[in-house]
Amino acid sequence: PKSALRFEVYSDNSFEEAENVLELMKKQGWRTVIAVSDPPHMRRLAWTWHHVFKESGLNYALVASAAQWWMPDAWWRDEHSGAFVITEYIKIAYYVAKR
């Protein structure tokens, strides 16, 4: 239901977002959350949320939105999608190197 929706708007990046959601879950006593994001963002979110949540005992589910602009079988043909994917790989490399 809409009453169960929460929007995390205080973070500057995905890692901080996962950390903030984990803290909110602890404060609220929540055991599970569902995080929704754009499809090409899922790989980085999976790595990030795994790292943040790995010893917390809390659960999350990552769900890709139904972005109409995203073409999983032809993302490289669209300038916006291609730039998104390239940026995601750069960010993943940064996260891995930093952590």
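Predicted model: local features only at pLDDT ≥ 70, side-chain atom pairs only at ≥ 80, totals over all residues.

Me: Which element gives the largest share of the lining of the largest pocket?

Reply: Strand S1 gives the largest share, with six residues. Residues are numbered from 1 along each chain as its sequence is written, and side-chain values use heavy atoms, with hydrogens and water left out.

Me: What makes a set of points a pocket, and what makes a residue part of the lining?

Reply: On a 1 Å grid over the protein atoms alone, a pocket is an open set of points where a 1.4 Å probe fits, with protein on both sides within 12 Å along at least five of seven lines; a lining residue has an atom within 4 Å of a point. The largest pocket has a volume of about 800 Å³, where volume is the space filled by probe spheres set on grid points joined across faces, edges and corners. Its lining has 21 residues, and Arg6, Phe7, Glu8, Ile34 and Ala35 are the closest to its centre. Helix H1 (14–28), strand S1 (32–37) and helix H2 (42–53) each give two or more residues to that lining.

Me: How many residues of each class are in the lining of the largest pocket?

Reply: There are 14 nonpolar, four polar and three charged residues. Nonpolar covers Ala, Val, Leu, Ile, Met, Phe, Trp, Tyr, Cys and Pro, charged covers Asp, Glu, Lys and Arg, and the others, Gly among them, count as polar. In the second largest pocket, with a volume of about 150 Å³, the lining divides into eight nonpolar, no polar and two charged residues. The lining residues include Pro39, Trp70, Trp75, Glu88 and Tyr89. Helix H3 (residues 79–98) supplies the largest share of that lining, four residues.

Me: Why is Ser81 called buried?

Reply: Buried means under 20% relative accessible area, exposed means over 50%, and partly exposed lies in between (1.4 Å probe, protein chains only). Ser81 has a relative accessible area of 0%, so it is buried. Ser81 belongs to helix H3 and, leaving out residues up to four places away in sequence, touches Trp69, Trp70 and Trp75. To touch, or be in contact, is to have heavy atoms within 4.5 Å.

Me: Why does Leu22 count as buried?

Reply: Its relative accessible area is 8%, so Leu22 falls into the buried class. Leu22 sits in helix H1. With residues up to four places away set aside, Leu22 touches Val52, Phe53, Ser56 and Leu58. The C-alpha atoms of Leu22 and Val52 are separated by 7.8 Å, although the two residues are 30 residues apart along the chain.

Me: What makes a group of residues a nonpolar core?

Reply: The members must be buried Ala, Val, Leu, Ile, Met, Phe, Trp, Tyr or Cys residues joined through side-chain atoms within 4.5 Å. The largest such core has 14 residues, and Val21, Met25, Trp49, Val52 and Phe53 have the most contacts inside it. H1, S1 and H2 are the elements that give two or more residues to this core. Beyond its neighbours within four places in sequence, Trp49 contacts Ala18, Val21, Val33, Ala35, Tyr60 and Leu62.

Me: What makes a pair of side chains a salt bridge?

Reply: A side-chain nitrogen of Lys or Arg must be within 4 Å of a carboxyl oxygen of Asp or Glu. The whole structure has two salt bridges. Lys26 and Glu23 form one at 3.8 Å, N to O; Arg44 and Glu88 form one at 2.8 Å, N to O. The latter pair links distant parts of the chain, Arg44 in helix H2 and Glu88 in helix H3, 44 residues apart. Both Arg44 and Glu88 are buried.

Me: Why are Lys26 and Glu23 separated by about one helical turn?

Reply: Lys26 and Glu23 are three residues apart in helix H1, so about one helical turn separates them. Lys26 has 49% relative accessibility and therefore counts as partly exposed. Glu23, at 40%, is partly exposed too.
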